[in-house]
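I opened this notebook to keep track of what I looked up, one entry per topic. I wanted the loops, sheets and charged pairs written down before going any further.

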Amino acid sequence: MKVFCDALASGKYIPTKCANKTVNGGQNVSLPISWIDIPVGLKSFALSMVDRHPQAKGVVHWIVINMSENARRISEGASQTNRLPPGSIELRNGFGTTGYSGPQLNKGSGSHEYLITLYALNVTELELGPVSPYSQFKTELLGKVIDSASLIAVFG
């Protein structure tokens, strides 16, 4: 499986419009994500976006679960709209809101790397609600991941 984000400038930099509204020019537009080379036995997809910078301590920016087995992309700006793939549920992020929360850097922290991971699952649904924490999401994935693919996006 392979995952892509066409919005990344030079293949890795998150555009300012996808940053949180607290960032100058940020509009909190969720990233477009697409994927190919789907594994056999797939029943649904899940996605996570986590800040890997040491100061961020793994803060979660986006979790989407229960995406249909037929889904092949999340459109730009789809978070919190009816344009997410069928069956999708967005979970609470590390900022206490549901859906996508774009990058927002601490002053002087430099560039941050965001790990975006797509999971191909052998179940139709993960038994999680919108306020489920990331730790519960990770636990729920155990034994259900057929394949996964990641990319690193940079902001700063």
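**Entry 1: a loop residue**

I began with T124, which I found in the loop between β7 and α1, keeping in mind that the model is predicted. I then looked up its accessibility, and at 52% relative accessible area T124 counts as exposed, because the cut-off for that label is over 50%. Leaving aside residues up to four places away in sequence, I noted that T124 touches K43, S44 and N66. I also checked L42, whose C-alpha atom is separated by 8.5 Å from that of T124, although the two residues are 82 apart along the chain.

**Entry 2: the chain as a whole**

I counted the elements next and found 1 helix and 8 strands in the protein chain, which follow the pattern β-β-β-β-β-β-β-α-β when read along the sequence. For the overall dimensions I noted a box of roughly 45 × 30 × 30 Å along the principal axes, filled by the C-alpha atoms. The radius of gyration is 15 Å, and this agrees with the value near 15 Å that a compact globule of 156 residues would have.

I recorded that buried residues make up 49% of the 156 residues. The accessible surface comes to about 7400 Å², and carbon and sulfur atoms hold 49% of that surface. Among the contacts with a separation of 6 or more, 69% are between residues 24 or more positions apart.

**Entry 3: the sheet of five strands**

In what order do the 5 strands of the open sheet lie? I read the order as β6-β4-β3-β7-β8, with antiparallel pairing. The edge strands are β6 (89-90) and β8 (145-155), each of which pairs on one side only. Helix α1 (residues 134-141) packs on this sheet and touches β3, β4, β7 and β8, and its direction makes about 140° with that of β3.

I went through the pairings in turn. β3 is joined to β4 by 6 bridges in the antiparallel sense, and β3 pairs with β7, also antiparallel, over 8 bridges.

Is β3 enclosed or open to the outside? I found 8 of its 8 residues buried, so β3 is largely enclosed by the rest of the structure. S44, A46, S48 and V50 point one way from β3, while F45, L47, M49 and D51 point the other way, and the residues of both groups are buried.

**Entry 4: the sheet of three strands**

I then turned to the other open sheet, in which 3 strands follow the order β1-β2-β5 with antiparallel pairing. Its edges are β1 and β5 (73-74), each of which has a single partner strand, so one side of each is left without a neighbour in the sheet. β2 and β5 pair over 2 bridges in the antiparallel sense, and I noted that I33 has I74 in β5 as its bridge partner.

**Entry 5: salt bridges**

D37 and K2 form one of them, with the closest N and O atoms 3.6 Å apart. This pair links distant parts of the chain, since D37 lies in the loop between β2 (33-36) and β3 (44-51) and K2 in strand β1 (residues 2-4), 35 residues apart. D37 is partly exposed at 44% relative accessible area, and K2 is likewise partly exposed at 45%.

R52 and E113 form a salt bridge with an N to O distance of 2.9 Å. R52 sits in the loop between β3 and β4 (60-68) and E113 in strand β7 (residues 112-121), so this pair ties together parts that are 61 residues apart in sequence. I found R52 partly exposed, with a relative accessible area of 46%, and E113 partly exposed at 35%.

For E140 and K144 I noted a salt bridge with the closest N and O atoms 2.8 Å apart. Are these two residues buried or exposed? Both E140 and K144 are buried.

Terms used:
Residues numbered from 1 in each chain as written. Predicted model: local features only at pLDDT ≥ 70, side-chain atom pairs only at ≥ 80, totals over all residues. Heavy atoms only, no water. Salt bridge = Lys/Arg side-chain N within 4 Å of Asp/Glu carboxyl O. Helix = DSSP H or I, 4+ residues; strand = E, 2+ residues; numbered from the N terminus. Buried < 20%, exposed > 50% of the residue type's maximum accessible area, 1.4 Å probe, protein only. Pairing = 2+ DSSP bridges. Contact = heavy atoms within 4.5 Å. Axes fitted to C-alpha atoms, helices over the stretch in contact; angles between N-to-C directions. Rg over C-alpha atoms; globule rule 2.2 N^0.38 Å. Areas by Shrake-Rupley, 256 points an atom, 1.4 Å probe, with all protein chains shown as cover.
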